[in-house]
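Okay, thanks everyone, I'll keep this short. Let's bring the model up and walk through how it is put together.

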Amino acid sequence: KPSENPFMMKRILFLSALLAGSALQPIHAALVLSVDPSSQTADVGDQVRVDLLLSGLESFTPTEILAAYDITFAYDASILSYDSGTYYDLAAVVDPPGGLSPSPVFGSGTIRWDSSSFASDAALQAAQGDSLTLATLAFTVSSFGTAQLNASYDDLTGLNFSALNPSVEDGVVRVNGVPVPATALLLGLGVVGMVAARRSARAR
């Protein structure tokens, strides 16, 4: 009916404005749990360090937080030997401290740790930034090969006890050189010994 047209036009204008406003909203970058650096090269005997980062918290409105986490980090224990680590302590982020401090549990090629805070969401928003270093880990390269570094999580708790679901970017350590088989090394030493013996005999 002609009398309904003004109402229909208002609805169309309202929906158009709503869609236009949505299009102008910033696109929120996804949360990322990443090993940094993602790739590095080392020699046997070198020490390598990696950070485990959670980034993108400030890409959300309101700003996201990390109130609790449970992380597992896996590495190739046949190539890397764990030396030391520092772990993000959520219990100490806000003063006065309160919560669960990390206590790493070590397995064969795995490290698992967790932490949580009793602080309010607002206090954590004020204390945390866009990126958090959940751990800094040091390893000694003990053998040749390519060592994969993999991170996973059983819990990442954000605002209002909501679950965070970041994408995961793993890392790798490539070890320089080609290992010499033990048999070839012994054969080479034998040849060197024979040459030395012949020269000694000739000198006499």
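Before I get to the inside, one term: by a nonpolar core I mean a set of buried Ala, Val, Leu, Ile, Met, Phe, Trp, Tyr and Cys residues joined through side-chain atoms within 4.5 Å. And keep in mind that this is a predicted model.

So, the core. The largest one has 34 residues, and the ones with the most contacts inside it are Leu66, Tyr69, Phe73, Leu80, Trp113, Leu134 and Phe139. Several strands give two or more residues to this core, among them strand 1 (32-36), strand 3 (47-55), strand 5 (80-87) and strand 8 (110-117). Which strand gives the most to this core? That's strand 9, with 6 residues.

Take Leu134 as a way in. Leaving out residues up to four places away in sequence, Leu134 touches Leu33, Leu52, Leu54, Leu66, Tyr69, Ile71, Thr86, Tyr87, Tyr88 and Trp113. There's another core apart from the largest one, with 5 residues, including Ile65, Ala67, Val94 and Leu124.

We have an open sheet of 5 strands in the order 5-9-3-1-11, and the pairing is mixed. Strand 5 and strand 11 (167-169) are the edges, each pairing on one side only. On average, neighbouring strands in this sheet are turned by 15° against each other, ignoring direction.

Last stop, the strand 11 end. Strand 1 and strand 11 run parallel and are joined by 3 bridges. If you want to find the pairing on screen, look for Ser34, whose bridge partner in strand 11 is Glu169.

Notes: Residues numbered from 1 in each chain as written. Predicted model: local features only at pLDDT ≥ 70, side-chain atom pairs only at ≥ 80, totals over all residues. Heavy atoms only, no water. Buried < 20%, exposed > 50% of the residue type's maximum accessible area, 1.4 Å probe, protein only. Helix = DSSP H or I, 4+ residues; strand = E, 2+ residues; numbered from the N terminus. Contact = heavy atoms within 4.5 Å. Pairing = 2+ DSSP bridges. Axes fitted to C-alpha atoms, helices over the stretch in contact; angles between N-to-C directions.
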